[in-house]
Amino acid sequence: MTYSLPNTRDEALALDSADPLAGARASFRLPDGVTYLDGHSLGPATEGAVQAVQHTATDAWANGLIRSWNDAGWIDLPKTVGVKIARLIGAKTEEVIVCDSVSINLYKLAAAALPLSKARRIIVEADEFPTDQYMAQGLSDLAGVEFVRVASGQGEAELSSGGVLIKSVVNYRTAVVADMTSHEAAAEAGGGVIVWDLSHATGCVDLDLGAVGARLATGCTYKYLNGGPGAPAFVFVRNDIANQLSSPLSGWFGHVAPFAFDEDYKPTAGAARFAAGTPSVLSLSALDAALDAFDGVSVAALASKARALGDLCLWWAERLGLQPISPGIGEVRGGHVSLLHEQGYPIVQALIARGIIPDFRAPNAMRFGFSPLYVRFVDVWDAMAALEEILVSKEWDQPRFKVRSAVT
Ligand SMILES: Cc1ncc(COP(=O)(O)O)c(C=O)c1O
């Protein structure tokens, strides 16, 4: 469905009534009085995820004890949950495994990619998410390869000299979407390899890793996939190269027969060799159930609605004289919109005090996230109307809104 831009609150309500994705909101346990615009950072709980964690704790763990590794299918969760994610990123089912954090997976994949690259160097762009830059630096130190930091948007050109580029599909600050096809073509031509970070893209961008020729990727599951705080990340490895690659973290869960207790490491086949240690079962059970909210929903529909919600935010931003750093109305964009204001931090706190929850990224970006499964057009309308009141009245200008918390 294509969504038109509403000009009034009533038109926003009408769009919600006609929205084919509207029913998905009922899967979520959203607190009364809260408008949640931070699903790009931590997705909310689904009813199913809460029940799955309770069941796993009180039944499978408390009663089943160690038997549940077999009887409750715990041992298979990294693969079975990977199958659900595969559909959302355009991968084959066996190309995805759920394990570790994005940081650790970036490290494993970039190290494994080095032998495929014409040149032994690791490339990141200057505005890449910090952990991507830090892991690239740490790996290049350990591996003794060149660390190359290029200006924003220059990674693709840099691939002409080979190297391993770590690159987000959606920039965490601006929501600019990288052209995966042209990047992969540049990597192919220059003898380079890309490790994609899908953290801000999975669940809100129409990803098709198979079609764009992606070889390696990882992504977060606690944002748009709503897997819960600290939910494990996923790894994607294209089938035809998986068995040529070696994970630098050769843990027993990547071994072909972990319970054979052999002395020597022998990797299992495919993407599964990138697992390392024991899976986090409680988190995986939450993620497994949370992914059911995507049943029957196409990624194209998710992407279309996320962009339409973002368009409405941008339409308001223009009226309020706020400067966006995200792509404009009608343009390709991830699931969030960033608006600049030098008082962004207290403004976000003033919104939170009203029950409207976006987030803030230093030094001055207010990020509004439009997770398409549960955010409504009327939510965006009301949030932006509240923002207008806060700006006009200077409600943000209170000492309590200027106290910085550890997590912003
Ligand atoms: C682009 C990107 N990569 C990685 C991460 C986090 O990775 P990790 O799962 O290691 O905390 C985030 C978190 O917000 C992110 O936005």
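How do the axes of helix 2 and helix 11 cross, and within what distance do they come? I looked this up before anything else.

**Entry: ground rules.** The model is predicted, so I note the limits: local features need pLDDT of at least 70, side-chain atom pairs count only at pLDDT 80 or more, and totals for chains, interfaces and linings use all residues. Residues are numbered from 1 along each chain as its sequence is written.

**Entry: helix 2 and helix 11.** I took helix 2 as residues 47–61 and helix 11 as residues 281–290. Helices here are DSSP runs (H or I, at least four residues), strands are E runs of at least two, and both are numbered from the N terminus. The two axes come within 8 Å and cross at roughly 145°. Axes are lines fitted to C-alpha atoms, for helices over the stretch in contact, and angles run from 0 to 180 degrees between N-to-C directions. The crossing of helix 2 and helix 11 is right-handed (the near helix is turned clockwise from the far one by less than a right angle). I then listed who meets whom. Helix 2 brings residues including Gly48, Ala52 and Ala57, and helix 11 brings residues including Val281, Ser285 and Ala289. Contact means C-beta atoms, placed from the backbone, within 7 Å. By class I read 9 nonpolar, 4 polar and 1 charged residues there. Ala, Val, Leu, Ile, Met, Phe, Trp, Tyr, Cys and Pro count as nonpolar, Asp, Glu, Lys and Arg as charged, and the others, Gly among them, as polar.

**Entry: helix 12 and helix 14.** I moved on to helix 12 and helix 14 (residues 377–393), whose axes come within 9 Å and cross at roughly 20°. That angle makes helix 12 roughly parallel to helix 14, a term for angles under 35 degrees. Helix 12 passes helix 14 in a right-handed crossing. The contact has 11 nonpolar residues, no polar ones and 1 charged.

**Entry: domains.** I found domain 1 at 9–46 + 298–402 and domain 2 at 73–294. The bounds come from an automatic or database domain assignment. Their centres, over C-alpha atoms, are 29 Å apart. Domain 1 puts 30 residues into the contact, and domain 2 puts in 24. On the domain 1 side, helix 12 (299–320) and strand 10 (336–340) each supply at least two residues. Helix 12 gives the most, with 5 residues. I sorted that side into 16 nonpolar, 12 polar and 2 charged residues.

**Entry: ligand.** I counted 13 residues around the ligand, with Ser101, Val102, Ser103, Phe129 and Ser199 nearest. A residue counts if its C-beta atom, placed from the backbone, lies within 6 Å. Helix 5 (102–113) and helix 6 (130–143) are the elements that give two or more residues to this shell. The shell holds 5 nonpolar, 6 polar and 2 charged residues.

Entry: Most residues other than glycine have a negative phi, and most peptide bonds are trans. I noted the bond from Ala362 to Pro363 as cis, with omega near 5°. Pro363 sits in the loop between strand 12 (359–361) and strand 13 (365–369). Leu65 has a positive phi, near 50°. I placed Leu65 in the loop between helix 2 and helix 3 (68–71).

Technical notes
Contact = placed C-beta atoms within 7 Å. Parallel < 35°, antiparallel > 145°, perpendicular 65-115°, else oblique.
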